[in-house]
Amino acid sequence: MSTDLLPGTLELLVLKTLSLEPMHGWGISQRIRQMSRDVLDVSQGSLYPALVRMKRRGWIRSEWRTTENSRRARYYLITAAGTRELVSARESWARSSGAVNGVLAFEGGAP
Amino acid sequence: MSLVTDVLERMRSLVFRGREERDAAEELDFHLAMETAEHERRGLSPAEARRRARIDLGGPAQVQEEIRDARGTGLVDQVRQDIGYAFRSLRQHRSFALVTILILGLGIGANTATFSLVNALMLRPLPVADPHRLVTVGNTARTGSLSEGTPSADLFSYPAYDDLRRETRTLSAVYATGRTWPLDLRTSGSGPGEVDHPRGRFVSGNFFAVLGVPARLGRTFSEADDQAPGSGPVVVLSHGYWTRRFAADPGAIGRGITLNGTPMTIVGVTPPGFTGDLVGLERDLWIPLTMEPVLATNRDWLGDRNVSWLLLMGRLAPGATLEQARAEITGLVSRSLLDHAPADQHEAIERSLAEVGVPVGPGATGFSYTRHAFGPTLLLLMAAVGLVLLVVAANVANLMLARGAARTREMSIRLSLGAARRRVVQQLLTEAGVLALAGGALGLLLARFGSRMLVGLAGPNQPMPALSLDGRVVLFTAGLSLATVLLFGIAPALRSTQVELAGALRASGRSLTGGSGRLRLNRSLVVAQVALSTLLLVATGMIVRSLARLNEADLGLDRDRLVVAEIDAVPAGYSGARLAALREDLGIRLGSLGGVERSTWSENGLFSGTESGTSIDVSGFVPGTPADRQVAYDDVGPGYFATIGAHLVRGRDFAASDNATGSRVAVVNESFAAFYFRDGDAIGQTVVSDSTSYQIVGVVTDVKGREVRGSDAPRLYFAMAQIDDPPGRFNVAVRTAGDPAALVEPVRRALQAADPGLVISNVNPLSRLVLESLSQDRMATRVISSFGALALLLAALGLYGVMAYATVRRTGEFGLRMALGAQQSDVTRLVLGEALRLVGLGAAVGVPVALVAARLLRNQWFGIGPVDPPAIAMALAALLASAMLAAFLPAFRASRVPPLEALRSD
């Protein structure tokens, strides 16, 4: 089951995931699914292009490593700029989601 | 920060494209493997797990596309792809590619060649330091002028230069440059015959400093060299002259030479590439101005405010602008001229200041007589050659349209498979771009020969600048190639993709009579080509006829029976009475030569470029404006008119009795008589010039003594023997019984024999001088004729192409007609009629445009009006002939196809 994400939200989730530890693309999608209790299912077609874009903006970088099963995989790591972006993106998200919640909770009459 | 990483990432993706693709594939593979493992862990079989994983993840190809998009290198990738595709496609259709590149090369090459000449003559700055802060003062075309008499405002005397140099604030420094007379250079140890004639220039001591030209060897001039007459007997050589004459010997520095008999020392050599500040007139050496009176003891030009011979160049002071300099200099020069001139010159000076002003302009491109003389012709040529390029573009567009039409199938398949139209157009434009660049490269190559040919066409003795392929020319070529791409690439590209998909994909299904409407664009292009060719052909016809008129124009003298020569007796110390004796001697020596009928002399030679003017008062004439008192004059020897073959209308020629003791006489030309005496008789009237009264004793027909295109103006002749201060430099004219060319050497030897110290130069048959004076017209004629021929050829080729293509498409229709009873001749007539219609349309557009252009260029034509029916008739005849030739083959082929085959053809 997949849900449509607001643009920019995927980047926020990836940054959060990578801030915990470096991981490869599959790992990121698994983590996000896990952390969202199976609500958010990120497809390959969304994830990998997003990763390329985030690399271009200097928020993450990549390196090839070997996994525990001795396979070669591309791991992504968050950069200092990425960490800063995570902070500011969280604030944005809090602001906009708080605003949406406020509208939905409105009962009528003057605020 | 993120911009930097973005650009770096993009470039990395471009450079390591292959590796990126493989990495991405591997990454997706890994993802699939992990997903499969996950399913296996949940209990599915390996095969099931894999299938599940594949379904869940979807197709990797689409993901790869998305990743590629995200990389941001899309456009570059596309262009790279397109270029590769274009190369493959062109390699497949080799003949098309070769023909197109050849035609483009010709068109672009012709334009580049003409432009490189324009660049060298008009655009290229001097190879000096910071040329754009330089300012010229004076008429930049008068590089070889020397004017004696009332000072003008566009050529300066030495004292006037000195005034300006001291007083100017807007210029941080000013130098002066002036002509030399013919130089004889001898090195010690060379025999009497081993004399060289370097091209020299007098310059002030700060010349090299102001320009910022360092010495390559030795040193350049300093102020000390120019302090006082004789203080600097030194010369600086140009690199080229040092290499040619002194074999690039470093020991030449410090070596002594004699210049016109005066000992001088070589002190330096300039860097290669610097040949002075005169464009088109490369100099071999430079001499300090103050050496002038030393080198010519009888002629001190430095102290005399009435000898104007210098042009000035200055460097703007920091912060000063050209406008400020112009205002200041105009004021300074006016004041300097008026303060020092006697009262009777004031009026003339003020008029000169009002009419001409003090020319102050940007000095980056130096001084140039050639620019002034050839500039307008060159611009005309650029216009003509631009027209040729348009014809070329139309031709290539037609070729590409035809090719596009042949590719409808390919286009429809691509479009129906989902290619965006924009993308296909982009690819077709890239193909056009590749052709254009290849054509441009070929054009650059051809231009090297072309510009050399252009310079050669100008004539053997024409001063032309050295041509080089500098950045500006390359940029021009690139820009032209690109513009041509847009011109001939867009229409075909758009047209080719405008395919009706279903219809084009069907193998058959073309109606027999349809299809000819599609050719409207092709036809329009051919009409445009014909129109442009008509324009060029009419221009060709007119310029050829104009040249013929110029060549046989009546000059008012016997141009084919005269040898002329310049004599400079000043270095040998002649003056006053000795000059009269010398002239007598020369006359006797010449008269004793076999084949010489008679000889005479004059101050200003025929077709030699010099002219004298004076102000006069004519009895019974009231001048309307001060200009009415200014007239050109010449002082001449006895029998002048009989010698040169001018026709005396009334009165008599000069005689030997018109000498210092006789009464002062003058002869006038018909224009003079008509202007000053209206209906009266000029004979017996008085002319006062320089406080001397002259009685008019003869009226002669107007003589065109300076240029063939000269207008008829009043002219006055005096006897040289009656001039108070006869000129030390004068010209001799010798009338020959037979071919003057045979007498050139004998005349030279006879003149030199009178005194080895005389400088004899420019000994030529007059006919050759006249011919040389027309060299520009000849050059323009040859070039425009070539362009006209080229345009005609291209238009004919274009017409042939379209006719051939059209008839192929109409084969079905022709077959039908013949099956219904038409004869072969009917079909031929049909095709030829079509061709005639196209040509007629083109001519109908081209002739009016040609008439307008001819009117605009009316100064160019000689002896023919702006409307010249013979030229138009010639152009139309040429067009008709080529059209028939071009259409003949297709028409013939069309009529020969058997009807049944035509009906069956696809």
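## Salt bridges across the interface

In this predicted model, how many salt bridges does the rule find across the interface of chain A and chain B? It finds 4. One of them joins A:Arg72 to B:Glu26, with the closest N and O atoms 3.1 Å apart. That pair runs between chains, from strand β3 of chain A to helix α2 (residues 17-41) of chain B. Another links B:Glu27 with A:Arg74, and here too the closest N and O atoms sit 3.1 Å apart.

As a bit of background, side chains of opposite charge can pair when their charged atoms come close. Over all chains, the structure holds 45 salt bridges.

## Polar contacts and who supplies the surface

Now for polar contacts: between chain A and chain B there are 8 residue pairs of this kind, counting those with both residues at pLDDT 80 or more. Which elements of chain A give two or more residues to the side that touches chain B? They are α2 (25-35), α3 (44-56) and β3 (72-78). The largest share comes from α3(A), with 8 residues.

By residue type, the side of chain A that touches chain B splits into 7 nonpolar, 8 polar and 8 charged.

The size of an interface is often given as the accessible area lost when the parts come together. For chain A and chain B that comes to about 2,300 Å², with 55% of it on carbon and sulfur atoms. On the chain A side, the residues losing the most area to chain B are A:Trp26, A:Gln44 and A:Arg56, which together make up 37% of what that side buries.

In terms of residues, the contact draws 23 from chain A and 25 from chain B.

## The build of chain B

Chain B carries 28 helices and 24 strands. Its radius of gyration is 38 Å, well over the 29 Å the globule rule gives for 906 residues, so chain B is more spread out than a compact globule. Along the principal axes, its C-alpha trace spans about 135 × 80 × 55 Å.

The model scores ipTM 0.87 and pTM 0.72. Chain B has a mean pLDDT of 85, and 96% of its residues reach 70 or more. Where pLDDT is low, the predicted coordinates should not be read in detail.

Terms used. Residues are numbered from 1 along each chain as its sequence is written. Chains are lettered from A and ligands numbered from 1 in the order in which they are written. Side-chain values use heavy atoms; hydrogens and water are left out. Contact means heavy atoms within 4.5 Å. Buried area is the accessible area (1.4 Å probe) that two parts lose on being put together, summed over both. A salt bridge is a side-chain nitrogen of Lys or Arg within 4 Å of a carboxyl oxygen of Asp or Glu. A polar contact is a pair of N or O atoms within 3.5 Å; within protein, one must be able to donate a hydrogen and the other to accept it, and residues adjacent in sequence count only if both atoms are side-chain atoms. Helices (H or I, at least four residues) and strands (E, at least two) are DSSP runs, numbered from the N terminus. Ala, Val, Leu, Ile, Met, Phe, Trp, Tyr, Cys and Pro count as nonpolar, Asp, Glu, Lys and Arg as charged, and the others, Gly among them, as polar. pLDDT is the predictor's confidence in each residue, from 0 to 100. The radius of gyration is taken over C-alpha atoms; the globule rule is 2.2 Å times the number of residues to the power 0.38.
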